[in-house]
Amino acid sequence: MYAHANLCIQRSLWENESMSKSPDQHQQSDLHQQFMRRAITLSRENVSRRNGGPFGAVIVKDGKIIGEGFNRVTASNDPTAHAEVVAIRAACSHINNFDLSGAVIYTSCEPCPMCLSAIYWARLSKIFYANTKTDAANIQFDDDFIYQEIAKAPQARAIPMMQLLRDEAQQAFVDWQHNNKKIAY
């Protein structure tokens, strides 16, 4: 699935290298730009296909793309199907592991709060982004309200939050702590 994108990026890098040898740092910068361009291409293709918002993401490990995603919120009727989350799911499936330590994400826009949380949970090592959250807000993708809500106490949030049956729910936590076959994450 990712072989074509990897081949195109490698071919472009080989062409750049053959034109002139540059220092390692410059080559690394070129590589980052190539992966970011792939994320931007995914975002633009998504707009033309009308699959969802103008967002794309690429996850890279050891110089190879292991996951790609583009916004599929409206195409899949899934409000969590943001480009970064779709790319994380693809990468985890590709390597058959929920831990993406050592991998890097290139995303066409600064991640929203949900995607930023998913990036942390997936243990990605670095985030490269193109557009800012302000750029996104300018086209009606404004996450500032969510950032403000996160900082509030649960009872002060716009969506009412009421704690219920905590004592009963605690048993699952006790079970988890005593499970010696659990997979910690």
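Let's start inside a helix: Glu84 belongs to α4, which covers residues 83-95. Helices here are DSSP runs of H or I with at least four residues, strands are runs of E with at least two, and both are numbered from the N terminus. Before going further, please note that this is a predicted model, in which local features need pLDDT of at least 70 and side-chain atom pairs count only at pLDDT 80 or more, while totals for chains, interfaces and linings use all residues. Residues are numbered from 1 along each chain as its sequence is written, and side-chain values use heavy atoms, with hydrogens and water left out.

Glu84 is buried and has no salt bridge. Buried means under 20% relative accessible area, exposed means over 50%, and partly exposed lies in between, using a 1.4 Å probe and protein chains only. A salt bridge needs a side-chain nitrogen of Lys or Arg within 4 Å of a carboxyl oxygen of Asp or Glu. For charge, Lys and Arg count as positive and Asp and Glu as negative, while His and the chain ends are not counted. The nearest side chain of opposite charge to Glu84 is that of Arg89, 11 Å away.

Which side chain does Glu84 join in a polar contact? Its partner is Thr107, at 2.9 Å. A polar contact is a pair of N or O atoms within 3.5 Å; within protein, one must be able to donate a hydrogen and the other to accept it, and residues adjacent in sequence count only if both atoms are side-chain atoms. Contacts in general are heavy atoms within 4.5 Å. Setting aside neighbours within four places in sequence, Glu84 is in contact with Ala57, Ile105, Thr107, Cys109, Pro111, Cys115 and Ile119.

## The sheet

α4 lies across β1, β2 and β3, and runs at about 140° to β2. Such angles run from 0 to 180 degrees between N-to-C directions, with axes fitted as lines to C-alpha atoms, for helices over the stretch in contact.

The four strands form an open sheet in the order β2-β1-β3-β4, with mixed pairing. At its edges are β2 (64-70) and β4 (126-131), each pairing on one side only. On average, neighbouring strands of this sheet are turned by 15° against each other, direction ignored. Two strands pair if DSSP finds at least two bridges between them.

| Strands | Sense | Bridges |
|---|---|---|
| β1 and β2 | antiparallel | six bridges |
| β1 (residues 56-61) and β3 (residues 104-109) | antiparallel | four bridges |
| β3 and β4 | parallel | five bridges |

Val60 stands opposite Ile65 in β2, and Ile59 stands opposite Ile105 in β3. Val58 has Tyr106 in β3 as its bridge partner, and Tyr106 in turn has Phe128 in β4.

How many residues of β3 are buried? Six of its six are, leaving the strand mostly covered. In β2, six of the seven residues are buried, so this strand is largely enclosed by the rest of the structure.

## Helices around it

Helix α5 (residues 113-122) has Pro113, Cys115, Ile119 and Ala122 buried. The buried residues of α5 pack against α4, β3, β4 and α7 (144-151).

Ser43 is in helix α2 and counts as buried, at 7% relative accessibility. Not counting residues up to four places away in sequence, Ser43 touches Pro54, Phe55, Gly56 and Ser108.

## Positive phi angles

Most residues other than glycine have a negative phi. Arg50, in the loop between α2 (24-49) and β1, has a positive phi near 60° and is exposed, with a relative accessible area of 75%. Gln140, in the loop between α6 (133-137) and α7, has a positive phi near 70° and is exposed at 68%. Arg123 follows α5 with a positive phi near 65°. In the hairpin of β1 and β2, with two residues between the strands, Asp62 takes a positive phi near 55°.

## The whole chain

The chain has eight helices and four strands, following the pattern α-α-β-β-α-α-β-α-β-α-α-α along the sequence. Buried residues make up 31% of its 185 residues. Among contacts between residues at least 6 apart in sequence, 50% join residues at least 24 apart.
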